[in-house]
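The following exercises concern a predicted model. Each task is followed by a solution in steps.

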Amino acid sequence: MSGKRTPGDYVFLEQLGQGSYSTVFRAVERTNGGRNYAIKVCGKKHIIREKKVKYVTIEKDLLNNLARGGHPGIVRLFCTFHDAENLYFVLEYVSGGELLSLLRRNGPLPESWSKHLFAQLVDTVDYMHAQGVIHRDLKPENVLLSQEGRIVITDFGAACALSNSAQDRAASFVGTAEYVAPELLLYSQCGLGSDVWALGCILYQLTQGAPPFRGENELKTFEQIVALDYKWKIPTTPQITALVRNILVLDPMQRPSSKQLKQNSWFSSIDWNDRATLWKGIWE
Ligand code: ADE
């Protein structure tokens, strides 16, 4: 089909998720055999009132650029359109739910599962970073699982491009308390290292079932983060604790890059060039 779509081209079904300035619905196209999509709807009034125009524009441009490379770990953007009230992002529908739900259902994952999922995450973040994109809100709610159990990173609504001005990067707090890096809290700095920090939090959560830093309220959580105050509750391997310790350091310059993460000895069994094995789903 050519030309701009309209909301009438789709049947909107159940709500899949809700962000600070958007709601995501499952939708099927009226033509084309009823294929499933996830349509993110952003209210124009709300975006303008909350001064989020920059973020939705960035999200659209970044997803369009990232989609060109066609990485399996990044949600595909098929098209965008708008009407008087809303902006619409027509995204790939990822049917296996959030990584967070998997962790809630299963509790801590066995090491082999954790390694497989974490390797897919690291591979995707490495690709994103090589493209100069910082996600800035990596967390298990934004990691979806495909039908087969491959990870797909979504919600680039807080992302920024590295080439943007320092002012854009040194942004206000846009992420989620539990996964926010200390440099953002202390110096309003955000770089590639902030995504690596979030990866460290996610690896901890894969093996422990809960994030490393979680206080009774956001302030207490922030205090734990800047004091590096976390404890291992469930016994895990020395390699995992060493890797998390390596990542969760306050100075972002001392953290490994995503490229360096791939070289960690915990991943010695992973062949990063064997894409078929790396991207096999955990339910395949
Ligand atoms: N929730 C948020 N984004 C989604 C997507 N692309 N597919 C399925 N559920 C989602």
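**Exercise 1.** Determine which residue of E3 is the bridge partner of Val 24, and describe how the strands pair.

*Solution.* Step 1: Val 24 has Lys 40 in E3 as its bridge partner. Step 2: strands E2 (residues 23-29) and E3 (residues 36-43) pair in the antiparallel sense over six bridges; strands (E, at least two residues) are DSSP runs numbered from the N terminus, as are helices (H or I, at least four), and two strands pair if DSSP finds at least two bridges between them. Step 3: E2 and E3 form a hairpin with six residues between them, and Asn 32 in the turn has a positive phi of about 65°. Step 4: E3 is also joined to strand E5 (residues 86-92) by seven bridges, again antiparallel, with Tyr 37 opposite Glu 92.

**Exercise 2.** State where confidence is lowest in the chain.

*Solution.* Mean pLDDT (the predictor's confidence in each residue, from 0 to 100) is lowest in helix H5 (residues 166-169), at 43. Where pLDDT is low, the predicted coordinates should not be read in detail.

*Conventions.* Residues are numbered from 1 along each chain as its sequence is written. In this predicted model, local features need pLDDT of at least 70 and side-chain atom pairs count only at pLDDT 80 or more, while totals for chains, interfaces and linings use all residues.
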